Amino acid sequence: MQPNANFDASKLARSLLRRSRQGALATLMPESGDPYCSLVNVASHADGSPILLISRLALHTKNILGDGRVSLMLDERAAGDPLEGARIMLAGRAEEAIGEAAKILRRRYLNAHRSAEAFVNFKDFSFFRIAPSGLHLVAGFGRIIDLKPEQFLTDIGDAAELLEAEQGAVEHMNEDHRDAMNLYATQLLGAEPADWRCTGCDPDGMDMQAGSATLRLDFPERVASAMALRKMLVRLAGEARAKN
């Protein structure tokens, strides 16, 4: 089935990748090849690919170390019949991060899951990133489609300056501009007032969270530098205040 003409499959897939905090992870048992499924917490890399923090004591981690092929199902947790909500089934390889790559995954994951601070330094825990090979999106009748990685991942090849400044921007927004965060959520995204905070920025937008609720603020234009990010956030704050 092909998507309807007014349906942006790539945008919905990117949104689910950014907003999801839990998912069903399927791995392969090395000896038998049998599938094994488990519930995991997830965050997203700057390019949108999923991040896992998992323990070597867990069976799914042992499976990954034997065979990195995995699939991950994420859904929008819609009220009512869960089958009426959008979901994605992402396939790829889970790759353990080391060195500087692990530091980046750690930062982004902890921004999304602050409770993980309690065990992130345990020696049996490691960060893994799923390098996608593709995904299958189901979003209702006439809205079922397969997407290639380039159709749902964010290009970060020219955004080194932005990514270097990202954590400072996240902390600045959360410490000094919580009023703007609330305006983004309520006036631009139609959410209820809450203790909204920033959990990440990338060339395509900003991720926001309040408790278990998550939002994705897409930028009207791509940004690739710290200055461009600052100008975009100021611009969007002005637009939000104008609607208030």
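Start by selecting Arg18 and Asp202: the side chain of Arg18 makes a polar contact with the side chain of Asp202, at 3.5 Å. A polar contact here is a pair of N or O atoms within 3.5 Å; within protein, one must be able to donate a hydrogen and the other to accept it, and residues adjacent in sequence count only if both atoms are side-chain atoms.

Before moving on, note that this is a predicted model, in which local features need pLDDT of at least 70, side-chain atom pairs count only at pLDDT 80 or more, and totals for chains, interfaces and linings use all residues. Residues are numbered from 1 along each chain as its sequence is written, and side-chain values use heavy atoms, with hydrogens and water left out.

**Stop 1: around Arg18**

Stay with Arg18, which sits in helix 1 (residues 9–19). Helices (H or I, at least four residues) and strands (E, at least two) are DSSP runs, numbered from the N terminus. Is Arg18 buried or exposed? Arg18 is buried, with a relative accessible area of 2%; buried means under 20% relative accessible area, exposed over 50%, and partly exposed in between (1.4 Å probe, protein chains only). Now show Ala46 too: its backbone oxygen is reached by the side chain of Arg18 at 2.7 Å. Leaving aside neighbours within four places in sequence, the residues in contact with Arg18 include Ser44, Asp47, Arg108, Thr154, Asp207 and Arg216, where contact means heavy atoms within 4.5 Å.

**Stop 2: the three-stranded sheet**

Next, select strand 9 (197–202), strand 10 (205–210) and strand 11 (213–218). They make an open sheet with the order 9-10-11 and antiparallel pairing; two strands pair if DSSP finds at least two bridges between them. Strand 9 and strand 11 are the edge strands, each pairing on one side only. From one strand to the next, the twist averages 20°.

Walk along the sheet in two steps:

- Strand 9 and strand 10 pair over five antiparallel bridges, and a hairpin of two residues joins them. Look for Cys201, which stands opposite Met206 in strand 10.
- Strand 10 and strand 11 are joined by six bridges. Two residues lie between them in a hairpin, and Gly211 in that turn has a positive phi of about 65°. Ala210 has Ala213 of strand 11 as its bridge partner, while Met208 stands opposite Leu215.

Colour strand 10 by burial. In a regular strand the side chains alternate between the two faces of the sheet. On one side of strand 10 are Gly205, Asp207 and Gln209, on the other Met206, Met208 and Ala210, and all of these are buried. Six of the six residues of strand 10 are buried, so the strand is largely enclosed by the rest of the structure.

Axes are lines fitted to C-alpha atoms, for helices over the stretch in contact, and angles run from 0 to 180 degrees between N-to-C directions.

**Stop 3: Arg197**

Zoom in on Arg197 in strand 9. At 8% relative accessibility, this residue counts as buried. The side chain of Arg197 reaches the backbone oxygen of Asn111 at 3.0 Å.

**Stop 4: helices 5, 6 and 7**

Met181 takes you to helix 6 (residues 178–188), where Ala180, Met181, Leu183, Tyr184, Ala185 and Thr186 are buried. Among the elements covering the buried residues of helix 6 are helix 5 (160–176) and helix 7 (226–243).

Show helix 5 with helix 6: they pack at an angle of about 95°, with their axes 5 Å apart. The two helices are therefore roughly perpendicular to each other, the class for 65 to 115 degrees; under 35 counts as roughly parallel, over 145 as roughly antiparallel and the rest as oblique. Residues making this contact include Met173 and Asn174 of helix 5 and Arg178 and Tyr184 of helix 6.

The axes of helix 5 and helix 7 come within 9 Å and cross at roughly 40°, an arrangement that makes helix 5 oblique to helix 7. Among the residues in the contact are Leu162 and Ala165 of helix 5 and Leu229 and Leu233 of helix 7.

**Last stop: Phe141**

Finish at Phe141, in the loop between strand 7 (125–138) and strand 8 (144–147). At 78% relative accessibility, Phe141 counts as exposed.
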